[in-house]
Amino acid sequence: MRKLMGCYFGIGCFLLMGFFTLEVSASSDEHPWDLLIFTQQWPQTVCHQWMEEDKTHKCLLPSAKNLWTIHGVWPTEFNKMGPFYCNSSWTFNASDIAPIENQLQIFWTNVELRTDHYDLWRHEWEKHGTCASILPELSTEIRYFTQGLNWLHHYSMSSILAEGKILPDSTPTVEELHTAIVAQLNKNPVIHCNYDSKQKEIFLAEIRICFNKTLELMDCDGVVGDDHFVHEYSGGKIITNCDPSKKINYPSIVPNLSEILSSSKGDTGDSSWNLSLVSIYKIIQIVKWATF
């Protein structure tokens, strides 16, 4: 009887250990992903699209000249985006990033100004940061956002494109953009454009570079989403949604701003006041870009 009880006890322990092993394994692999996409955005294009979507939308632009800002750090699987929202209980806490908030306002600007200036950071942390947090280097809010700031410092598209002689107000092709980026990084990026269906023009919107789980720069070759394709040319393979046959606008100020603002005020009949606002805004933009 004692031997039988011992046998049952041994089997029970074995099954229990197996259960806990499975639980730990399932927990560690609950949100698998393959790489990190570090996305930089061109604020003038982002603002243009945001205001085109709704005439009541407002933008917050960085004050520094020629500054690409951060959109996000996105953990993702090869050939698909995600996972997303990996911990619904880990909500954004503004006090956690208080030590770096001033830097975030400059370099991780909430261009699409919504209810408050925390909107973008809240969204990025809860959708992407909670998934990236499986890495020790990204395991807290402040570590996640600080890593983004560090990458912008080392891999700023403002500097990389300027080195390739691609400056705001130019109209490069996607092949010229790719050549300039690969010359500096020796890695394949993702180049993302926005399309203005009214003006039938293409605008440079985002450039994405990729890192592995040890935070080393890598090719983005596995990042081919629904809206991206691979374009091959003599310089390599480009992952993009930009039309390779077209020139791409890289604007120094928000495109069609006067038209957007005129439309937004049109229903009020206050056109003279609106034109004054447009003139003031354009002057401010020119002064900012000339003096910073």
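Are Trp108 and Tyr144 buried or exposed? In this predicted model, Trp108 is buried, and Tyr144 is buried as well. The legends below describe these residues and other close-up views.

**View A. Strand E9 and its partner strands E5 and E8.** Strand E9 comprises residues 236-240 and runs parallel to strand E5, residues 190-196, to which two bridges join it. Val190 stands opposite Ile239 of E9. Strand E8, residues 229-233, runs antiparallel to E9, and five bridges join these two strands. His231 has Ile238 in E9 as its bridge partner.

**View B. The aromatic pair of Trp42 and Trp68.** The model holds 14 aromatic pairs. In one of them, the ring centres of Trp42 and Trp68 lie 5.4 Å apart with the planes at 45 degrees, so the pair is classed as tilted; an angle under 30 degrees would count as stacked and one over 60 as edge-to-face. The two residues are 26 residues apart and belong to distant parts of the chain. Trp42 is in the loop between strand E1 (35-41) and helix H2 (43-53), whereas Trp68 is in the loop between strand E2 (58-59) and strand E3 (69-76). Trp42 counts as buried because its relative accessibility is 0%, and Trp68 is likewise buried, with a relative accessible area of 0%.

**View C. The aromatic pair of Trp108 and Tyr144.** The centres of the Trp108 and Tyr144 rings are 6.1 Å apart and their planes stand at 45 degrees, so this pair is also tilted. Distant parts of the chain are linked here, the two residues being 36 residues apart. Trp108 is found in the loop between helix H3 (101-107) and strand E4 (112-113), and Tyr144 in helix H5, residues 141-155.

**View D. The aromatic cluster that includes Trp108 and Tyr144.** Trp108 and Tyr144 are members of one aromatic cluster.

**View E. Lysine residues over aromatic rings.** Lys127 lies over the face of Phe84, at a distance of 4.6 Å from the ring centre. At another site, the charged end of Lys213 sits over the ring of Trp33, 4.9 Å from the centre of that ring.

Terms used. Residues are numbered from 1 along each chain as its sequence is written. This is a predicted model: local features need pLDDT of at least 70, side-chain atom pairs count only at pLDDT 80 or more; totals for chains, interfaces and linings use all residues. Side-chain values use heavy atoms; hydrogens and water are left out. Two strands pair if DSSP finds at least two bridges between them. Helices (H or I, at least four residues) and strands (E, at least two) are DSSP runs, numbered from the N terminus. Rings of Phe, Tyr and Trp (its six-membered ring) pair if their centres lie within 6.5 Å; planes under 30 degrees apart count as stacked, over 60 as edge-to-face and the rest as tilted. Buried means under 20% relative accessible area, exposed over 50%, partly exposed in between (1.4 Å probe, protein chains only). A charge sits over a ring if NZ of Lys or CZ of Arg is within 6 Å of the ring centre and within 35 degrees of the ring normal.
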